[in-house]
Structure formats: C-alpha cells, structure tokens
Amino acid sequence: MSKFKLAMIQMAVGISKPDNLAKAVKFIQEASSSGASIITLPECFNSPYGTKYFPEYAESIPGGPSTEALSKAAKENSVYIVGGSIPEKDGDRLYNTCAVFNPKGELITKHRKVHLFDINVPGKIRFQESEVLSPGESLTMFSTPYCTIGVGICYDIRFAEMAQIYSNKGCSLLLYPGAFNMTTGPAHWEAIQRARALDNQVFVATASPARDENADYVAWGHSSVVDPWGTVISTTEEKEGVIYANIDLSRLEEVRKMIPVTKQKRYDLYQPATLALKKIRQDDLYDSH
Ligand SMILES: O=C(O)CCC(=O)C(=O)O
C-alpha cells in the first residue's frame with residue numbers, strides 16, 4: 001500500500017477539557033469520512049499550552065479520559081490516530097506526550113517529547129518547559145501497512161539528528177504535532193519542516209493548534225505537509241480546520257534516485273567528527289557555568 005490520505009487537524013484548544021476532547025473526536029470523524037487513514041492532532045490538544053496548565057490537565061497514559069476518547073475514536077473510525085500531545089502524569093513526573101492508536105483502538109506507542117522547549121528571545125518570548133516537565137528518554141517510531149513513521153513533538157523538530165535517525169531506520173514520514181508561536185512561527189516553522197524533509201528526503205507533516213489571540217501562548221497555526229522534494233503540498237493559515245495530503249510513497253524513491261544523497265553519505269568522515277564536536281560543545285557548556 002504505497003498511497004494513503006493523511007489528515008492534520010488544526011483545532012482551537014480552549015479551557016474546557018471535555019470540550020477539547022469532543023472537538024478532537026468530531027474532527028477525527030470528519031477526517032475519516034473524507035478518507036484519511038492516518039490522522040494527527042496538535043500538540044497539547046486537551047489543554048491550553050502553558051506550564052501553569054500542565055499539572056491540572058495531566059493524565060496517565062493509558063487510563064485517562066483523553067486517551068480513552070482517542071482509543072474509542074480510532075476503533076469507531078478504523079483509523080490510525082497520532083494523538084498530538086497531552087500533559088502526561090507518571091508518578092511525580094509530568095511529560096509532554098503523544099499517544100498513538102491503531103485502527104483497533106490499541107495504544108501502540110507513546111512519544112514523550114525529548115527536547116524540552118526552553119528558550120529566551122529577549123523582548124519576545126521566554127518559555128521554560130523544564131520548570132514543570134521531564135524529558136522523554138527515547139525516540140519513537142511505529143509501523144503501519146503504509147509506511148514506518150517517526151514521531152517528534154514541536155521543539156523536537158529543531159534537532160536534525162533525530163529526524164536523520166528516523167529516516168536511516170526506514171521512516172518515510174515524520175509527524176510533528178507542534179505549537180510554534182508568533183515569534184518563531186513566521187521565522188522558522190516552514191523552513192524547518194522543509195529542511196527536515198530535504199535533509200532526509202522524507203515526508204514531514206505538522207499539526208498546530210489554531211491561533212487564539214487571547215490565549216497566554218498564541219500559536220502560529222500553519223499546519224502543513226511537505227514532500228521529499230521539499231515542496232509544501234498542503235498547508236493552511238491560522239484558523240481551525242483539517243488539512244489533507246494524498247501521500248504517494250513512490251515520490252520518495254523517485255527523489256532519492258534523482259538526487260542520491262542517502263547513498264552518498266560519508267559516514268566514515270562524520271562519525272569521528274560528530275564525537276569530537278559533541279565533546280567540544282560539552283566542554284563549552286561546562287566552562288560557561
Ligand atoms: O521551537 C520553537 O520555536 C517552538 C517550540 C514549541 O513551541 C514547543 O516545543 O512547544
């Protein structure tokens with residue numbers, strides 16, 4: 001099965017968790033009726049995005065109402081659901097976690113955001129997820145009858161190495177639920193998706209919450225799908241809605257044949273250099289403290 005329809009849901013997320021869940025389920029039904037087989041929700045779809053909200057909206061995965069709703073929706077509509085993310089509670093720790101369900105409604109994997117969003121752009125945006133969240137400790141891939149898929153959450157997309165590992169391990173599609181903001185969104189959101197797609201000659205897709213100008217954190221929106229040639233094949237602006245892309249996996253082989261960078265890699269040169277670079281960077285970090 002080398003062709004399928006992908007849906008990325010850009011939903012407006014509000015303060016009421018039950019309303020957010022009902023809306024996610026409604027959009028999943030709509031996407032499924034439109035023929036989508038793999039449906040992705042945005043980052044933090046059950047809760048407003050912000051460190052002050054995470055403890056209150058957090059749930060265990062599985063077992064909480066959000067993942068129960070997704071499991072039911074996956075089964076009823078017979079689709080894969082990549083469940084954006086929700087704040088997850090596990091013991092005394094909180095994570096930003098994406099739960100993935102197969103068409104039988106089974107939880108097949110979960111991805112805990114591995115790179116926490118800690119940035120400071122003076123006068124524009126300061127955000128420190130690490131004040132309340134812990135990072136995940138592993139990368140997350142899953143298989144479908146269509147292709148193998150790698151999952152990252154928002155800030156994870158900035159780390160080229162993660163995407164490269166996924167693609168080297170056979171992923172054809174990288175899915176990033178994400179919520180860029182009004183500073184980094186216009187500057188980096190599209191460029192970084194196209195970069196990850198071009199670096200690895202894979203499909204890359206993002207699902208953002210819709211923009212709410214009154215929220216504490218104003219999301220950029222612009223959910224998109226990029227093909228292995230780096231072309232944006234589906235996108236939107238800031239409003240709520242679902243975007244679709246007909247994914248034809250033969251495009252990946254076509255691009256890799258024309259520009260065979262995947263075969264031309266010089267790992268003999270990169271590996272020693274990467275290890276040396278890692279050491280230099282860590283020494284710098286150490287010196288600066
Ligand atoms: O990397 C960025 O600019 C935004 C990241 C972000 O919003 C997140 O990780 O939730």
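Q: How many cavities of 30 Å³ or more does the count come to?
A: In this predicted model, the count comes to one cavity of 30 Å³ or more. The largest cavity holds about 70 Å³ of space, and it is called a cavity because a 1.4 Å probe fits there but cannot get out.

Q: What makes up the lining of the largest cavity?
A: The lining consists of 13 residues, and Phe-117, Cys-154, Tyr-155, Phe-180 and Asn-181 are those that lie nearest the centre of the cavity. By class, these lining residues divide into eight nonpolar, two polar and three charged.

Q: Why is the other kind of space called a pocket rather than a cavity?
A: A pocket is an open set of points with protein on both sides within 12 Å along at least five of seven lines, whereas a cavity is a set from which the probe cannot get out, so the two terms are kept apart. The largest pocket has a volume of about 540 Å³.

Q: Which residues and elements line the largest pocket?
A: The largest pocket is lined by 16 residues, with Glu-161, Gln-164, Tyr-267, Tyr-270 and Thr-274 lying nearest its centre. Two or more lining residues come from each of helix 4 (160–168), helix 5 (184–200) and helix 8 (267–287), and helix 8 gives the most, with eight residues. Sorted by class, the lining of the largest pocket has six nonpolar, five polar and five charged residues.

Q: How do you know that the radius of gyration of the chain agrees with that of a compact globule?
A: For 289 residues, a compact globule would have a radius of gyration near 19 Å, and the chain has 18 Å, so the value agrees with that expectation. The C-alpha trace spans about 55 × 50 × 35 Å along its principal axes, and the chain has eight helices and 15 strands.

Q: Why is the contact between Arg-112 and Asp-90 called a salt bridge?
A: The closest N and O atoms of Arg-112 and Asp-90 are 2.9 Å apart, and the pair is called a salt bridge because the rule asks for a side-chain nitrogen of Lys or Arg within 4 Å of a carboxyl oxygen of Asp or Glu. Arg-112 lies in strand 6 (residues 107–112) and Asp-90 in strand 4 (residues 86–90), so this pair ties together parts that are 22 residues apart in sequence. The structure holds 16 salt bridges.

Q: What makes the peptide bond from Ile-61 to Pro-62 and the phi of Gln-201 worth noting?
A: Most residues other than glycine have a negative phi, and most peptide bonds are trans. The bond from Ile-61 to Pro-62 is cis, with omega near 0°, and Pro-62 is placed in the loop between helix 2 (54–57) and helix 3 (65–77). Gln-201, although not a glycine, has a positive phi of about 55°, and this residue is found in the loop between helix 5 and strand 12 (203–207).

Key
Residues are numbered from 1 along each chain as its sequence is written. This is a predicted model: local features need pLDDT of at least 70, side-chain atom pairs count only at pLDDT 80 or more; totals for chains, interfaces and linings use all residues. Side-chain values use heavy atoms; hydrogens and water are left out. On a 1 Å grid over the protein atoms alone, a cavity is a set of points where a 1.4 Å probe fits but cannot get out, and a pocket is an open set with protein on both sides within 12 Å along at least five of seven lines; lining residues have an atom within 4 Å of a point. Grid points are joined across faces, edges and corners, and a volume is the space filled by probe spheres set on the points. Helices (H or I, at least four residues) and strands (E, at least two) are DSSP runs, numbered from the N terminus. Ala, Val, Leu, Ile, Met, Phe, Trp, Tyr, Cys and Pro count as nonpolar, Asp, Glu, Lys and Arg as charged, and the others, Gly among them, as polar. The radius of gyration is taken over C-alpha atoms; the globule rule is 2.2 Å times the number of residues to the power 0.38.
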